[in-house]
Every structure is written in C-alpha cells, then in structure tokens.
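Visitor: Please walk me through this structure, and set each value against the definition behind it.

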Amino acid sequence: MSERIHTRIWDESPDPRSPFLGQNVRLFGYDYYGDLVGRARWVEMLWLLFTGEAPTPDQSALLERLAVALANPGPRDPSVHAAMCGGVGGSPPAASLVAALAVASGDHGGAGELRRAMSAWATAGEAFDRVTDALTDQADDTGMWPGFSPLSHHTAHSVLDCLAALGRASLARRLTWLHQHEPSLSDAARCGLSLTGVAAAALTDLGMDLDQGEALFLLLRLPGTLAHAVEQSGKRHKQFPFFALNDITRSDDA
Amino acid sequence: MSRVDPKDYEARIGHVTTRLGGFFPGHSARVRGHDLHEFTVDKRWFDLYLFSLTGRELGDNERDMLEALWTFTSYPDPRIWNNRVAALAGSSRASAALGIGAAIAVTDADIYGLGPCLAAFDFIGAHVADSDEALLQAATDKLRRERRLGGYGRPVVAEDERIAPTMAKARALGLADGPHVRTAFRLDALLAEGRWRMRINYAALCSALHLDIGLTRDDYECILATIFLGGMPPVWKEHNQEAAGGLFPIPVDAVHYDGVTPRRWPD
C-alpha cells in the first residue's frame, strides 16, 4: 500500500520551516496563487479542474450559461426539497448539502438520468429516428426516456426559455438540434423535455465525458439548493409542508 | 414496472399513501399494521428493523445470523476508507451525524462495500442451480469480461478472516448448508482448482446467507448501507477527542505530483 498521494492536479514545493507548509502551488501546471487567482474566472477554474486544460472562450461562455441555468433548481426539485428538510429542522448547511447531493445523484431527475441522457445525445447523430432509438436504448425500466419528465405531457416554458438561451452559445450543436425538434420529440416521448435533458445536451456540446458531466451537474446545482435550505432555516416549521399520511393498514386514520 | 401517467402524479399531491405505518402525533406510531410500542415490547431493535424493512418476522436463528453479519464486519479501524471519513470528521470537529452519514455514503463503493456485495448477490442468486461446470463457466466469462467477480478476491489481502467465524455462527444456527451458501463455496473450490487465485470473501458469504434467508435485493441493499456501521461511531469519537486535525496529517512531501510541467495561464 502506498504511503503517498499521487495526483496530476496539485503540485507544491516543501517549505523548510515545516513539513506541513507548502509553497509555489501549481494546478495542472498553472501557478495557482500567482497566476490563476485574479486572472482565471470561476467557470474557467471549473473547466480546468475537471478537464486539466484551460478552456477556450467559447467553452467557458457555454459553461457559464449552463452554470447560471443550473444554479437554482427551485424549491419543487426533490434535491432542493431534501435540502430544505435540513434547513427547516435547523440542521447545519453541510447536512442540507449532503441531503441534496444524495437525492440529486438519483436515476430519476438526477445525475443517473443525466448520464443516460448524455449517452443518448452523444451517440444519436442528427437523424430524428436515430435520436429516438438512442433515447429508447437509454430508457428506464418503465420506458421513460432520459431527459424527459413524467410529470406532464408538455415541456415547461421555463425549460424552453433555458434551451433557447443556452442554444445561442456558439458551441451549441445538440442544444440547437433539440430546440428545433423539441415539439416532435416531446410528442414521441409523450412527456415534456426536462432541464436535466437540456443540461445533458449542453454538457455533450461542451465535450464532457459522463464522469465530468455528472460532476458538474451535481456541483452547479448547489448554490440555489443551499440558498433555499438557509432560507427555510429562518422560517417557522409550520410554514413548511408536513403532508397528510394515509396508512392503509389502519381503519381509524388520525 | 409500468409507466406512471401525469394524472397519477396529480393524484399524489399533498399526501403519501403507505402500508408501512407512520407517526400519529400524540396518539401512536405504527409499523406495518401494528402499534409500534405494543408490538415491540418483547422485541429487540433488530427484530423491528428487519420486520419494518422486509415485512417478515424472521426466525430467531435468522435474525441472529443477520445481526452477526453486521457484527463481524464492524471494525473500528480509522484507516478503512469509509471509517476514515467518520474519523476525519471527528478529527476536524465535524458533527457525528455528518461524519457517520458521510461514511455510510462512501460505503456505496466499487471495490468494497455495496458494489461487490450486490454483484455477489446477483451472481450467486442467478447461478445457484448451475452444475459445477456451468458455474465455473459463468464465473470465468464474467472474470474475462469484467476482470473481477464480486465476492471473490480482496483488495488488501487474499484471506478473509471473517469467513471462519461467520461459518461457525451459521453452523451453530443451522444456516450453514443452504443452497446459496453451498454454491458460494462450490465456486470458491472451483476457482481454487483453476488458475484463478481468488478466494471467497465476506461479500459472497454474506450475500449467500441473505439469499438463503430469502431477503430481496432491495432488502439487501438497505442492509448493506449500514452493515459496516459498528466501526464508525467509535472512530469518530476517538478522533473527536484527540488533537484537532491530528488524524493522518499529510506533509507536503507525501503528495507526489505526476502531471504536466509548469506553464502560463493563457491571456
């Protein structure tokens, strides 16, 4: 077993004053505090960390649009709901983030579904039938295509607005195709396109592999998730839904 | 599973329908049709856990076997990767709930924990009726395809010290001779005879015993999530009481960089 950590990300030199003091830190070869801080933008830093290279201006422009689009999934999203359960009970922000990440990892509306949608978008080509075949290949065990929401037969206007906004980026290919074909695709799916499907198309246009796409999808949703959790922590718990419970084994429901 | 129509989602707004029971404030708590506090008067926590999860009241020997499977892999060792998360949380003065919760999350792993256990459950369950020849063929096909076979071989050392005490317990409880346990050991012997130097590990035996007791894959996945739990609270506590940040401090020279050479950030 190795006693050392091996990494191609982090490089630093020892400081003779202490074994725990480092200096001249480099990330993927770039001078972290002397060059990146002050010159690299946040999304460029994300790109560097997940790909190992500096992004082109077109890549950082699309990633920035996606980061803004995913920054707040909203309080009806199950992962945000989970985070708010942490907030409303007075759990610390870290607990709310753990709660959100667990739910956001799922195969329905989460990173698992995103991976299936990315797989479909990456292999489908441009022909409509090829796309539907690829989506069918990646369907869940109920036949639901990834990137579509079973909650409605229609695509939300907000999802279409997001798709249009991302589609104006110069790297948009799958996004543009999706914008053009959304009505027929939703008809074929018998349900509306979801933000997860749009995010998968954007990450495919960015050239991300499945692991990179999953990492960014999980990460980029967290700012709004945490904001909603923190907001609930300042409210009375009676203002937050507890819902009714129907125990069908019980004859005299309370 | 059939597809859910949007109208079915609308019918679910604002309430949950369940057979599991729940909390009726000021009145009672219920579990699967029973008043929890009456039902559990003479029961142990593990009885309730298993009944609530499976809907079955298992025999005492089955319950004792399943509890032993948790016990025999509860190692309070802060080096083990999932435990290390709890220990680092303690050392960093993070809460026990977050540290232990995160350690449980990390148990959802590929080279130990849930990954090999569920793979072994699937494989042994699918091949329990196979002849020796078919069993070995299925195993070698899987090894050639995936380069690993959940439940056989081990990342740190070849021998698994949990096998002997687990089998001793299984024999004492009359559960050592079920078809899945026999299949797990048949495969161990077949692999030992061939060129595959992979001995049975805890994942295969644990999976086989759960299969023989009749638990489902979902039951088993839930159990696996916390089967290593016993080792986590003690390492959190010990390192929460030790010097802050004192667990595994890493000096600069313990990080080996093997990336690209220095370069300038583009303008």
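Predicted model: local features only at pLDDT ≥ 70, side-chain atom pairs only at ≥ 80, totals over all residues.

Visitor: How do you know how many residues chain B and chain A bring to the contact?

Guide: Contact means heavy atoms within 4.5 Å, and the contact takes 57 residues from chain A and 44 residues from chain B.

Visitor: What makes up the area that chain B and chain A bury between them?

Guide: Buried area is the accessible area (1.4 Å probe) that two parts lose on being put together, summed over both; here that is about 4300 Å², with 61% of it on carbon and sulfur atoms. Of the area that chain B buries against chain A, 22% is supplied by R3(B), R263(B) and W265(B), more than by any other three residues.

Visitor: Why is the meeting of E53(A) and R263(B) called a salt bridge?

Guide: The term requires a side-chain nitrogen of Lys or Arg within 4 Å of a carboxyl oxygen of Asp or Glu. The side chains of E53(A) and R263(B) meet at 2.9 Å, N to O, so the pair qualifies as a salt bridge. Between chain B and chain A the count is 4 salt bridges.

Visitor: What makes a space in this model a cavity, and how many of 30 Å³ or more are there?

Guide: On a 1 Å grid over the protein atoms alone, a cavity is a set of points where a 1.4 Å probe fits but cannot get out, and lining residues have an atom within 4 Å of a point. A volume is the space filled by probe spheres set on the points, which are joined across faces, edges and corners. By this rule there are 2 cavities of 30 Å³ or more, and the largest cavity holds about 50 Å³ of space.

Visitor: Which residues line the second largest cavity?

Guide: The second largest cavity, with a volume of about 30 Å³, is lined by S79(A), A100(A), L101(A), A104(A), L218(A), R221(A), L222(A) and T225(A). The largest share of this lining, 3 residues, comes from α5(A), a helix being a DSSP run (H or I, at least four residues) numbered from the N terminus.

Key
Residues numbered from 1 in each chain as written. Chains lettered and ligands numbered in written order. Heavy atoms only, no water. 1 Å grid on protein atoms, 1.4 Å probe; cavity = no way out; pocket = protein on both sides within 12 Å on 5 of 7 lines; lining within 4 Å. Helix = DSSP H or I, 4+ residues; strand = E, 2+ residues; numbered from the N terminus.
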